[in-house]
Amino acid sequence: YSIERDNGKFGNIQDIIKRTNYAYEYVKLMEFPDAIHHGTKPVTHGPHVFEFKDVEFTYPGSEVKVLKGVNLKIEAGEHLSVVGLNGAGKTTFVKLLCRLYDPTSGVILMDGIDIREYDYDAYMREFAPVFQDFKLFAFTMEENITLENNAKNEERRAEVLEVIEKVGLKDKIDSLEQGLDTYVFKHYDESGIEPSGGEQQKLAIGRALYKKSPVIILDEPTAALDPVAEYEIYRKFEELVGGKTAVYISHRLSSCRFCDQIAVFADGVVSEYGNHESLVNKENGIYAEMFAAQAQYYQTA
Ligand code: ADP
């Protein structure tokens, strides 16, 4: 035995103790029951009808009931705009639809079946969300759309190019020496590019379209784009979404005109529901007031 070897063994034991401490935390974590119910029912890929029935929701650890009985049906292929003042519960509504939380009471149905009964991963695959805090990665343009390893694949590239064209990034890609292989940001490649806010938004939308899910969720950005660029993107987006079901959280009401139905959230419930024409002239209506206030803002801006 040399002293060195003994020291080595001693070091290993210390190392094992240290690692076991981390493992202990991990085991404790894994012992927690799932926060949401995981069902087993298979999901048939395709258009779906959703229905919220008396859905109430209180965030874990909070006393405040955020949703106080939401009743709402979303038909297959419908484009729904979700509107309301800050804190009205719009994001919470979408989080429940996407199963980030389960309702405290009431039920959400997909094609007549409680969404908790479906296989969780299969259910999630039906949704392509674009949230405001989406992240681009320091990978190539193509990888940012596909979120897949960039092994060369002609078929996939053709699909990505189609998406790029749809979201209006073709000119941008054509202007880049490396095209779709250009890196986003400069972390891994000095010639990487820093896309503008609008371009980032388009890439994120491209990612959602590439996913080919029957339901698209879009939380419209409040500030990243100027109103004209925003109007252009969402008018186009409405075309791109086509026959898919779409749920928009609309902060600027100009995009609501394109939607089939508008649900106005207030005081934890859907307090107004209908299309733009039916809501915009409603006396003392929340939507009518919000629309008037924003129209003024557009005129003076
Ligand atoms: P909106 O999207 O309409 O602005 P939200 O759904 O984000 O509204 O929020 C509704 C209410 O829920 C707000 O009062 C907000 O403070 C509260 N809330 C949001 N997220 C949480 C959370 N994780 N924990 C506790 N309360 C939350």
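The shell holds Tyr-59, Val-66, Leu-85, Asn-86, Gly-87, Ala-88, Gly-89, Lys-90, Thr-91 and Thr-92. This is a predicted model: local features need pLDDT of at least 70, side-chain atom pairs count only at pLDDT 80 or more, and totals for chains, interfaces and linings use all residues. Residues are numbered from 1 along each chain as its sequence is written, and side-chain values use heavy atoms, with hydrogens and water left out.

Colour the shell by class. Ala, Val, Leu, Ile, Met, Phe, Trp, Tyr, Cys and Pro count as nonpolar, Asp, Glu, Lys and Arg as charged, and the others, Gly among them, as polar. The count is 4 nonpolar, 5 polar and 1 charged. Now show helix H2, residues 90–97. Helix H2 gives the largest share of the shell, 3 residues. Helices (H or I, at least four residues) and strands (E, at least two) are DSSP runs, numbered from the N terminus.

The side chain of Thr-92 places an N or O atom 2.5 Å from a ligand oxygen. For Lys-90, a side-chain N or O atom is 2.8 Å from an oxygen atom of the ligand. On its own the ligand has 570 Å² of accessible area, and the protein covers 60% of that. Accessible areas come from the Shrake-Rupley method with a 1.4 Å probe; for residues, only the protein chains shown count as cover.

Move to Phe-50 and Phe-127. Rings of Phe, Tyr and Trp (its six-membered ring) pair if their centres lie within 6.5 Å; planes under 30 degrees apart count as stacked, over 60 as edge-to-face and the rest as tilted. The whole structure has 10 aromatic pairs. In the Phe-50 and Phe-127 pair, the ring centres are 5.8 Å apart and the planes meet at 50°, so the pair is tilted. Phe-50 belongs to strand S1 (residues 50–58) and Phe-127 to strand S6 (residues 127–130), so the pair ties together parts 77 residues apart in sequence. Both Phe-50 and Phe-127 are buried, meaning under 20% relative accessible area, with exposed over 50% and partly exposed in between (1.4 Å probe, protein chains only).

Tyr-123 forms a tilted pair with Phe-127, at 5.1 Å centre to centre and 50° between the planes. Tyr-123 and Phe-127 are both buried. Include Tyr-118 too: Phe-50, Tyr-118, Tyr-123 and Phe-127 form one aromatic cluster.

Go on to Arg-157, in helix H5 (residues 154–166). A 2.7 Å polar contact joins its side chain to that of Glu-142. A polar contact is a pair of N or O atoms within 3.5 Å; within protein, one must be able to donate a hydrogen and the other to accept it, and residues adjacent in sequence count only if both atoms are side-chain atoms. Leaving out residues up to four places away in sequence, Arg-157 touches Glu-142, Leu-180 and Asp-181; contact means heavy atoms within 4.5 Å.

Then find Ile-173 in helix H6 (residues 170–174). Ile-173 counts as buried because its relative accessibility is 6%.

Finally, zoom out. The chain has 10 helices and 10 strands. Buried residues make up 44% of its 301 residues.

Methods: Near = heavy atom within 4 Å.
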